[in-house]
Every structure is written in structure tokens, then in C-alpha cells.
Amino acid sequence: MNKYRAKPIVTDEGRFASQREYKHWCEMKLQQKAGWITNLERQKKFRLEINGHHICDYIADEIFFDTASGKRVVVDVKGVKTPVYRLKKRLMKALLNIDVVEA
């Protein structure tokens, strides 16, 4: 168990940091099957750089395209919003103009 009490789960689809993250993934798969979203992916890495210098990577829990709006959605399933997470979320917006949606 980690310090935030999340219980990791391993399935045939891989390792999930928490049961909450796995449950959300299952819900998103159902939305994709219904045609509400497309191109669902897990653990997508974004490289965050400033002036060619690598600062850090942000790994999104899920990304997909919303069929109604046609927009890409980047999701992070959060229980605890750590200072590092909040900083990376701001960097995603400032450097890549990507709003991270919390679930």
C-alpha cells in the first residue's frame, strides 16, 4: 500500500495505480464502445521542455477524443492532488496548451 492508501491493481490490461483508476478506465471503455469517445489510450507520456531543455514528463492516465466536440481530452484520475501534480498540470497548460481533466 502506498502513502495515499491507493491499492494498485493488475489486470490483463496492465497495472493501475488504484482501483479508482481501473474503474474509470472500465467506464471509458464502455463510452468508447457506445461511440461517445474514440482513440482511448492509457499512460500517454508528454515531454515537457522549455527552450529545448527537458524539464520532466507528464504521464496521463487516459487520453481520448470526444466525438461530440472533436477535442482531445487528457484525464488524470486523482485522489490526492500533490504539489508535483499541480505543477505538472500547470506546465501542461503553459507549455502545450493542454487542460488536464481530473476524474
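Analyst: The answers below set each value against its definition. The model is predicted, so local features need pLDDT of at least 70 and side-chain atom pairs count only at pLDDT 80 or more, while totals for chains, interfaces and linings use all residues. Residues are numbered from 1 along each chain as its sequence is written, and side-chain values use heavy atoms, with hydrogens and water left out.

User: What makes the approach of Arg 42 to the backbone oxygen of Glu 13 a polar contact?

Analyst: The side chain of Arg 42 reaches that oxygen of Glu 13 at 3.2 Å. A polar contact is a pair of N or O atoms within 3.5 Å; within protein, one must be able to donate a hydrogen and the other to accept it, and residues adjacent in sequence count only if both atoms are side-chain atoms. The value of 3.2 Å is therefore within the limit of 3.5 Å.

User: Which residues does Ala 60 contact, leaving aside neighbours within four places in sequence?

Analyst: Ala 60 is in contact (heavy atoms within 4.5 Å) with Arg 42, Gln 43, Lys 44, Phe 46, Val 74 and Val 75.

User: Why is the set that includes Ala 60 called a nonpolar core?

Analyst: A nonpolar core is a set of buried Ala, Val, Leu, Ile, Met, Phe, Trp, Tyr and Cys residues joined through side-chain atoms within 4.5 Å. Buried means under 20% relative accessible area (1.4 Å probe, protein chains only). The largest such core has 12 residues, including Phe 46, Ala 60 and Val 74. Its largest share, four residues, comes from β4. Apart from it lies another core of nine residues, among them Met 28 and Phe 64.

Definitions and conventions:
Buried < 20%, exposed > 50% of the residue type's maximum accessible area, 1.4 Å probe, protein only. Helix = DSSP H or I, 4+ residues; strand = E, 2+ residues; numbered from the N terminus.
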